[in-house]
Amino acid sequence: MNFENIILERHGKVMLIRLNRPNALNALSPDLTKELGLALDQLEKDDEVAVVVLTGSEKAFAAGADIKFMKDLTYMDVYKMDFITDTWERITSFRKPTIAAVAGYALGGGCELAMMCDFILAAESAKFGQPEINLGTIPGAGGTQRLTRFVGKSKAMEMVLTARLIDAQEAERCGLVSRVIPNDKLIEEALATAQKIAALSMPIVMMAKDSVNRSYEVSLSEGVHFERRLFHSTFATEDQKEGMNAFAEKRKPIFKNK
């Protein structure tokens, strides 16, 4: 796979995807989001890839959408091209686990892209924000919706209405990121976390991801019902038998993804 705006690095069963528009602070151009979607299409079919880590540079995960591309678009332009929906959201339907490893700026679309991943690991240098209000528009890739679910109405409203940025420590306190990691250890720790997940049973990991995501879409009773049925279904897998037998025998399980 050869791309111009992203770089793919294979680390065993983990694929590291680096956003690669350094001269534009990894601004999310149509070409970049299209390439990211195409890469995810291929990686979903690759049985040798179990987890994806998405990152940018030390200076910026992604500083937002490509304003130079957007500034002259009309309503009919964005409506006809179904802007954002058409290319940005492929990662939300990616069935394997995704981890955003964020250093530097994750602003606007960059913050929204990170939130589309399953969880966020943040370097101490990370800065998150939704500054679209300063440009005469509003977040359009889930910033008013996912951010509110992560941090609650009050903080989300303040961030969206004032464009205030929050640092990694505040992002961790309010639940936006899972952990804060020293700058020079971010990628190492993100890969180690991904490899820990990749060593598990892939179908069981996918079921767990599906069940957690379901909690955002349905009532508690429906979510628990969904979880219970998936839990029951794990007993039809070879990996459940192997995992429980290995525990009883005090040995490390050898999963076969079956």
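**Reading a predicted fold, residue by residue**

Author: Arginine 90 has a relative accessible area of 18%, so this residue is buried.

Reader: What kind of model is this, and how are residues numbered?

Author: This is a predicted model, in which local features need pLDDT of at least 70 and side-chain atom pairs count only at pLDDT 80 or more, while totals for chains, interfaces and linings use all residues. Residues are numbered from 1 along each chain as its sequence is written, and side-chain values use heavy atoms, with hydrogens and water left out.

Reader: How do I read "buried"?

Author: Buried means under 20% relative accessible area, exposed means over 50%, and partly exposed lies in between (1.4 Å probe, protein chains only). Aspartate 41, at 32%, is therefore partly exposed.

Reader: What links aspartate 41 to arginine 90?

Author: Side chains of opposite charge can pair when their charged atoms come close. The two residues form a salt bridge (a side-chain nitrogen of Lys or Arg within 4 Å of a carboxyl oxygen of Asp or Glu), with the closest N and O atoms 2.5 Å apart. Distant parts of the chain are linked by this pair: aspartate 41 belongs to helix 1 (residues 30-45), whereas arginine 90 sits in the loop between helix 3 (75-81) and strand 5, 49 residues apart. Helices (H or I, at least four residues) and strands (E, at least two) are DSSP runs, numbered from the N terminus.

Reader: How many salt bridges are there by this rule?

Author: The count comes to 14 salt bridges. One of them joins arginine 18 to glutamate 9, with the closest N and O atoms 2.7 Å apart. Arginine 18 is partly exposed at 25% relative accessibility, and glutamate 9 is partly exposed with a relative accessible area of 25%. Lysine 71 and aspartate 72 also meet in a salt bridge, at 3.0 Å from N to O. Lysine 71 counts as exposed at 58%, and aspartate 72 is exposed at 60%.

Reader: How do I read a sheet, and in what order do its six strands run?

Author: Two strands pair if DSSP finds at least two bridges between them. Here six strands form an open sheet in the order 1-2-3-5-7-10, with mixed pairing. Strand 1 (6-11) and strand 10 (179-181) are the edge strands, each pairing on one side only. From one strand to the next, the twist averages 25°; axes are lines fitted to C-alpha atoms, for helices over the stretch in contact, and angles run from 0 to 180 degrees between N-to-C directions.

Reader: Which helix packs on this sheet?

Author: Helix 8 (residues 186-198) does, touching strand 1, strand 2 (14-19), strand 3 (51-55), strand 5, strand 7 and strand 10. The direction of helix 8 makes about 170° with that of strand 5. Strand 5 (residues 98-102) runs parallel to strand 7 (residues 119-123), joined by four bridges. In that pairing, alanine 101 has leucine 121 as bridge partner, and valine 102 has alanine 122. Strand 5 also pairs with strand 3 in the parallel sense over four bridges, and there alanine 101 is the bridge partner of threonine 55.

Reader: Which residues lie on each side of strand 5?

Author: One side has Thr98, Ala100 and Val102, the other has Ile99 and Ala101, and all are buried.

Reader: What is the strand order of the other open sheet?

Author: Four strands form this open sheet, in the order 4-6-8-9 and with mixed pairing. Strand 4 (60-62) and strand 9 (166-167) each have a single partner strand, so one side of each is left without a neighbour in the sheet. Strand 6 (residues 105-107) and strand 8 (residues 127-129) run parallel, joined by three bridges, and leucine 107 stands opposite glycine 129 in strand 8. Helix 4 packs on the sheet, touching strand 4, strand 6 and strand 8, and its direction makes about 90° with that of strand 6. Helix 4 (residues 109-116) is mostly covered, with eight of its eight residues buried.

Reader: How do I read a contact list, and what does serine 201 touch?

Author: Contact means heavy atoms within 4.5 Å. Serine 201 lies in the loop between helix 8 and helix 9 (202-214), and its relative accessible area of 3% makes it buried. Leaving aside neighbours within four places in sequence, serine 201 is in contact with Asp239, Phe255 and Asn257.
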